[in-house]
2 protein chains.
Amino acid sequence: MKYPGGIKRSNQSINRTSSQGTINNMMNRGMSLEEDINLTNKYYLEMDRAIIHKKPTPIQIVNVHYPKRSAAVITEGYFQRSSTTDYNGIYKGKYIDFEVKETKNKTLFPLANIHHHQMEHMKQTHAHGGISFVIIRFTHHDENYFIPIDRLIPIWDRQAAGMKSISYEKIKEIGEHIPFSYQARVDYLQIIERVYFNNGGNE
Amino acid sequence: MKYPGGIKRSNQSINRTSSQGTINNMMNRGMSLEEDINLTNKYYLEMDRAIIHKKPTPIQIVNVHYPKRSAAVITEGYFQRSSTTDYNGIYKGKYIDFEVKETKNKTLFPLANIHHHQMEHMKQTHAHGGISFVIIRFTHHDENYFIPIDRLIPIWDRQAAGMKSISYEKIKEIGEHIPFSYQARVDYLQIIERVYFNNGGNE
C-alpha cells in the first residue's frame, strides 16, 4: 500500500518494531531496509558510535479534536512529501545525510525512486562538506549497496538524455557492498570509514 | 493552545507562513521564534550559506482512510514527543543541532522548558564534535540569546540540587545576544562564526 508521495505505510510502524529490540532471525528477509537501518542506528546510538535518526514523515494537520481529560486527536491529516532525505546525524564530527531505497527489480534500479528534491538536498549537503549517500537494497538478491552521492550525480544527470534506471551491474560497480552483520544489520559506518576516512574498517 | 509534549499549534502552520516570503514588519513582535528561525533558515538556504531544516513533529498514526481518486486521509493520529531537537543541519562542514524556546517570563527561564531527552541529545552531539546550542527568546524584552550547550550543561546539572530556572541576568551573562536583522531575522550563524570559528562575524 503506497501513500501519495511514495511514503510507505511501514514508515509509521517502525518505531514500534525497532523498540522491541529482539531479532529472531539472522537473515534480512522479512524486514524492510528501513527497519534494518533503524535497528542499526539504534545500535550505533547505544554503542555511542554515531547519532543518526530518521526524520518523522511530515503530516499536514487540518483538524484536531481536544477531548476533555485525554490527549488531542488529529482527525484530519495528510501525508506530505519531505523536502529533505529521511536520515541525518553526526559521525566523528561529520555531518551525515542519506536516503534509503529498496527495489524488487532483479536487474535495475529505477531512478524515479529517488525524488529530485532529495537529490538536490544531497548534492547541497555534499557541497557543504557533508557525507551524503544513498543505500539501495535489491530485495531479490538480498544485497545492500552504499552509493556515495558524488558517484551517483553523473548518472543522475544523464536522465535529461533519457536514462531512466541504473543497471544492477552498474550499482555493483559504483557502489560499495554493505555486508550483513548481526548487531549493526546494515553496517554502513564500516563503508564510511573506508571511503571517507581511508580506514580499512577495523578501527 | 498547547498539545501534549509542549508542541504548540503554530508548529503546523509554519510552512504556510514561511513560504509566503513577505515580511511586512521589521519588528519581531507578532511572529513566534520558530517562525523567525524558519525564515532565517530559508534565507540561509537561498544564500547557500547553510542547510538547516526543522524536523517534522512526529505523529503516531492510528487510522488512515483511503478514498477513491483522492489522497489518503489520516483520521486518527496523536502527537508524539520527539526524541531529538527540532533543528539540525550543516554549516561549513560542521554538524549543527539546536532547540529553540521562548518564554513570556520577564525575569527567568524555567528549565522545564527543555526536556531531559533533548538535553541528552545535545550533550551527545556536542561530545561527537557537533555544534549544539539553545536559542532562547524573552518575548517581553524582545531579545534572543544563543547559549552554547557546554555553557548550559553546568547549570542544567544543578537541577538535581533543586534549581528550577535560570535568571534573565544569568542568560545575558552566559548567552550571546543575537541581533535582529531584516533578512536573517535571528542571525545565529553570526554567533556560530564568532564562538566556534573565532571569526568576528564579518566573513
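Modeller: A charge is said to sit over a ring if NZ of Lys or CZ of Arg is within 6 Å of the ring centre and within 35 degrees of the ring normal. This is a predicted model, in which local features need pLDDT of at least 70, side-chain atom pairs count only at pLDDT 80 or more, and totals for chains, interfaces and linings use all residues. Residues are numbered from 1 along each chain, chains are lettered from A and ligands numbered from 1 as written, and side-chain values use heavy atoms, without hydrogens and water.

Biologist: Over which ring does the charged end of A:K92 sit?

Modeller: The charged end of A:K92 lies 5.2 Å from the centre of the ring concerned. That ring belongs to A:F197.

Biologist: Is A:Y44 buried or exposed?

Modeller: Buried means under 20% relative accessible area, exposed over 50%, and partly exposed in between (1.4 Å probe, protein chains only). The relative accessibility of A:Y44 is 0%, so this residue counts as buried.

Biologist: Which residues does A:I155 touch, not counting residues up to four places away in sequence?

Modeller: A:I155 has 2% relative accessibility and therefore counts as buried. With contact meaning heavy atoms within 4.5 Å, the residues touched are A:M163, A:I166, A:K170 and A:I174.

Biologist: What is the order of the strands in the open sheet of 4 strands?

Modeller: Strands (E, at least two residues) are DSSP runs, numbered from the N terminus, and two of them pair if DSSP finds at least two bridges between them. The pairing in this sheet is antiparallel, and the order is β2(A)-β3(A)-β3(B)-β2(B).
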